Protein chains: 2
Amino acid sequence: MKLLREMVVTDGKVYDNNVLKVDSFLNHQIDATLMLEMAKVFYEYFKDEKITKILTIEASGIAPAIMVANLFKVPMVFAKKSKPSTLKDNAVFTAQVHSYTKNVTNTIVVSEKFINEEDKVLIIDDFLANGQAVLGLMEIVNQARATTVGVGILVEKSFQDGRKLIEDKQVNICSLCRIASLENNEVKFNIADDEK
Amino acid sequence: MKLLREMVVTDGKVYDNNVLKVDSFLNHQIDATLMLEMAKVFYEYFKDEKITKILTIEASGIAPAIMVANLFKVPMVFAKKSKPSTLKDNAVFTAQVHSYTKNVTNTIVVSEKFINEEDKVLIIDDFLANGQAVLGLMEIVNQARATTVGVGILVEKSFQDGRKLIEDKQVNICSLCRIASLENNEVKFNIADDEK
């Protein structure tokens, strides 16, 4: 998506040859118009898949996921990173998600009430790097005996192995912006032929 | 808002005479269509206030806030509950927010880059009870020398003192659903005359 690539170049900040900071429009301050435009791309890509539910993980997945859910006119569910007190009485699906950036492992939790075996789930997240968050969400979809129909990602670090790990499970990924390299603190993109 | 009150009655669950669980449509699974309808009410209410920014707090404020931001065509900023590693290098506004439900005090954090003294801020949150989250967000707006123009709340527990604490600061609150009592695990509403 050209608009997103332009914003990554203009407003993103790279450091340590690996970290891309996009907190001015994607995950702290959020550009609402950009979110809607991105949601439209996911909708076009997945609209024939009979999606019944959008699944994401708190916190920065929520904004894109709710915009997507609004276009599909289906509910959005977000996985919580620890077990809140109001979930205690209920049966939950859980998965372990390791964050390499923060070097912590979180338990992510979704109430069993909100995904069932009829569901065709579209997973939305802001970043795909090592793929641990998406794999954790797919694990929860599996526990519910539902189907992960696809994964929609705003920014993919294609030089890390998240995409491969997800494609190994025969799940289709739509990434709006694929970054080939951040070496020398410079953003280089993978751009598909039909996007040039 | 009649639709929201109906959903609170139909799908909400009350326990301990005080806790209202609305996780099937408001803060775990989220009804996207309802979110949009609620955002429209806030837009109508505050549309003449020259809002420049929507401010909320992770995680369950994000979905309504981004929908509102989309209608106002302004950025949304969400306060984080702890200091993430990617914020470390930057100057931040912080406030202390005590959660009576969870009995923890969180430091909430917003990068100084994203609110400035020109900003006219609309604060959005899912719940208003003791008002601590909203007061923390208002404290951050104050630190930025910006103006809190109003507060938009999905569900207000009117029997707790959040509304009074905010109104004492001469800030206008628009609550879509005001709950007068949860005694005997039964929901009773405050309904304004023009809403009946």
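This passage describes a predicted model with chains A and B, taking chain symmetry, annotated sites, and selected helix and segment details in turn. In this predicted model, local features need pLDDT of at least 70, side-chain atom pairs count only at pLDDT 80 or more, and totals for chains, interfaces and linings use all residues. Residues are numbered from 1 along each chain as its sequence is written, chains are lettered from A and ligands numbered from 1 in the order in which they are written, and side-chain values use heavy atoms, with hydrogens and water left out.

Chain B superposes on chain A by a rotation of 180° with 0.0 Å of shift along the axis (RMSD 0.0 Å). The two copies are thus related as by a two-fold rotation axis. Superposition is by least squares on the C-alpha atoms of residues with pLDDT of at least 70 in both copies. Of the interface residues of chain B, 100% are also interface residues in chain A, so the copies meet through the same surface.

An unreviewed UniProt entry places a "binding site" at A:Leu20, A:Asn27 and A:Lys157. UniProt positions follow the numbering used here, feature names are shortened, and annotations may be inferred rather than shown by experiment. A:Asn27 sits in the loop between strand S2 (19-21) and strand S3 (29-30) of chain A. Helices (H or I, at least four residues) and strands (E, at least two) are DSSP runs, numbered from the N terminus. A:Asn27 is buried, at 14% relative accessible area. Buried means under 20%, exposed over 50%, and partly exposed in between (1.4 Å probe, protein chains only). Not counting residues up to four places away in sequence, A:Asn27 touches residues of both chains, including A:Asp126, A:Phe127, B:Phe78 and B:Lys80. Contact means heavy atoms within 4.5 Å.

A:Lys157 belongs to strand S9 (residues 147-157) of chain A. A:Lys157 is buried, with a relative accessible area of 12%. Beyond four places in sequence, its contacts include A:Leu20, A:Phe127, A:Leu128 and A:Ala129. A polar atom of the A:Lys157 side chain lies 2.9 Å from the backbone oxygen of A:Asn18.

The unreviewed entry in UniProt also lists "binding site" for A:Ala129, A:Asn130, A:Gly131, A:Gln132 and A:Ala133. A:Gln132 lies in helix H4 (residues 132-143) of chain A. A:Gln132 is partly exposed, at 24% relative accessible area. Its side chain reaches the backbone oxygen of A:Asn130 at 3.2 Å. A:Ala133 is also found in helix H4 of chain A. Not counting residues up to four places away in sequence, A:Ala133 touches A:Val97 and A:Asp125, while A:Gln132 touches A:Val97, A:His98, A:Tyr100 and A:Leu165.

A:Arg163 lies in helix H5 (residues 162-167) of chain A and is buried at 15% relative accessibility. The A:Arg163 side chain makes a polar contact with the side chain of A:Glu167 (2.8 Å). A polar contact is a pair of N or O atoms within 3.5 Å; within protein, one must be able to donate a hydrogen and the other to accept it, and residues adjacent in sequence count only if both atoms are side-chain atoms.

In chain B, helix H2 (residues 32-46) has 15 residues. The buried residues of H2(B) are B:Ala32, B:Leu34, B:Met35, B:Met38, B:Ala39, B:Phe42 and B:Phe46. They cover an arc of only 150° around the axis, which puts them on the same side of H2(B). The arc is that of the directions from the helix axis to the C-beta atoms.

Notes: The expected span of a helix is 1.5 Å times one less than its number of residues.
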